[in-house]
Amino acid sequence: MGEKEDRINQLLKLARLSINFSLTLIASGILVSVLILYPPSFDKTSSIHPANVSSTEFSVDSTEIKNGIHVPSGLIADKGFELVLKTCAQCHSIEVVKQNRATKQGWKDMIVWMQKTQGLWDLGIDEVPILEYLSKNYSPKNTGRRKNLENIEWYYLKD
Amino acid sequence: MRKKNTQNINLSESKDESRRNFVVKSSLGLFAGLLGAKMVFAENFPKDIEPIGLEESTSKSLMPGKSDKLTILSDRPWNAETPIHLLDPIATPTKHFFVRNNGNAPSNVNPEKWKLTIEGESASKKITFSLKELKSKFKHYSYHLTIECGGNSRAEFSPTTEGNQWGNGAVGCAKWTGVRLKDVLNYVGVKADAVYIGYYGADQHLLDPSKVVISRGVPIKKAMEDESLIAWAINDENLPLMNGYPLRLVIGGWPASVSGKWLTKIKIRNKVHDGEKMEGKSYRVPKYPVAPGTKVPDEDMEIIGSMPVKSLVTYPKSGAMIGKGKSFEVRGQAWAGDLSVKEVHISIDFGVTWKKCTLTTPINRFAWQQWKTRITLPEKGYYEVWARATDSNGKIQPMVVPNWNPKGYLNNACHRIAVKQL
């Protein structure tokens, strides 16, 4: 790639970053307003938390993130992973999430299936960031009709 | 998810405690912190359920009677497969038999109080048996039966299909002991209009105790085969809890999900059973071939019957390094659903040439067969041993992943191991 193209790409990246940043600020603003406007909805959570602790219990310690992975869960520590962790791991192993890969529509279909048949609740405004996180970090892999053998542990065969 | 006061196989209290004590120190900034900290629609979360919130790798001893050598895919529900080299014995050892659950195993099983009810539109009457009655009323039979998860080898499908991403180890063939399903059904009385049987088990839904976890079945013809068992023993031992203790169906050759575990009820149906995981995309494949990634309407899907021909190289374990000029044995298992295996060939040159192996006859119908041969690698280098079985109708395992389907079932592509000559 030429230097010129590199520079254009850099500029594009910068532009994208600033748009992302503005969107983040706007979204944060909306979220904060929602939090201020509807605090009682969170109080209701205490009825299902036997220890009656605040819902911050679901967040994680940053020291548990190593090389971009949240070590206790193994999830990719990208934006929204805490939300995925605390939502999905309510009912099933987070391994079930980690081993799957799908497009945004594919993940949406899984959520709808769980809502229709398995008793998953309405995810409300959590659904968008959950879908963003999953489709970005656990997107389908194209491995073709057959891939190379991987993770071979070599050893000497004794007869 | 922990249902209060029930699941004894679930995560320990102390672990829950430590989970509750996690503090917010998110490095991902305010936005992620806010989103991460709150469960916004928590009021929609079912009552009387204690959220755990954080899943970690768990102690393997939580699967009683099962080996820690199994590869765990999920611990809620428990799903674990057998490393291929551990499938080398003719009868898969009980502790190594794979585990596939859709919900939680029942807790506090009391075999003295266990009941099996036979009923349904096409049952002449409704009869409930205790375990003791089943064992005393009917003749006992033992068969070696191969059961393979319909989604075994799913991990190789491209694009990825949803579900447990099984390698090749969700299969096993053990000696199962019980009574013939047909003896019990005939004792109760099967009406002429019977079409299907449907089972119910005591497993518990992960979230909602009122939901049926899985309730599948087979056409009446398959149910009435000699080898279809209501079994209480595997390899002359009680079933492990994870494999259906104290009572299960074992119906060889079909997706293992028809072999219902923790069996409490069988319905003789006058139509195709419509229980949980009989419809939609579950254990169903398109009626016609589709391009990878195609969205297929439910009405174009059909229920999987017999599993396809397949084989595994169980010895040597993949990764063997062999000295110059040394010959070594290569062996494994082969099975073909309702059919038997006619031939097994191996290739050490990526399918260019094939060598026919010796092959045993099955101990009984639906038992897998043992194949073996000896090979010497021609020169220094990297090789793969590919195994390819042919069923009694002449159908052969493909060398590439077979036709894609929405849920990734029936991948019977030939198994490969890596070997090197030094």
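In the predicted model, a salt bridge connects B:K295 with A:D109, with the closest N and O atoms 2.6 Å apart. This pair crosses between chains: B:K295 belongs to the loop between β16 (284–286) and β17 (301–303) of chain B, whereas A:D109 lies in helix α5 (residues 104–118) of chain A. B:K295 is exposed, at a relative accessible area of 66%, while A:D109 is partly exposed, at 25%. Over all chains, the structure holds 25 salt bridges.

Within chain B, B:E119 pairs with B:K265, the closest N and O atoms being 3.6 Å apart. B:E119 counts as buried because its relative accessibility is 15%, under the 20% limit; B:K265, at 26%, is partly exposed. A further salt bridge joins B:K175 and B:D236 at 3.0 Å between the closest N and O atoms. B:K175 lies in strand β9 (residues 171–180) and B:D236 in the loop between β12 (229–234) and β13 (237–238), so this pair ties together parts 61 residues apart in sequence.

The largest nonpolar core comprises 48 residues, with B:I230 and B:I266 making the most contacts inside it. Helix α4 (residues 181–188) of chain B gives the most to this core, with 4 residues. Apart from it lies another core of 24 residues, including A:I94, A:I111, A:Y133 and B:L207.

Chain A contains 6 helices and 4 strands, and 37% of its 159 residues count as buried.

Technical notes
Residues are numbered from 1 along each chain as its sequence is written. Chains are lettered from A and ligands numbered from 1 in the order in which they are written. This is a predicted model: local features need pLDDT of at least 70, side-chain atom pairs count only at pLDDT 80 or more; totals for chains, interfaces and linings use all residues. Side-chain values use heavy atoms; hydrogens and water are left out. A nonpolar core is a set of buried Ala, Val, Leu, Ile, Met, Phe, Trp, Tyr and Cys residues joined through side-chain atoms within 4.5 Å. Buried means under 20% relative accessible area, exposed over 50%, partly exposed in between (1.4 Å probe, protein chains only). Helices (H or I, at least four residues) and strands (E, at least two) are DSSP runs, numbered from the N terminus. A salt bridge is a side-chain nitrogen of Lys or Arg within 4 Å of a carboxyl oxygen of Asp or Glu.
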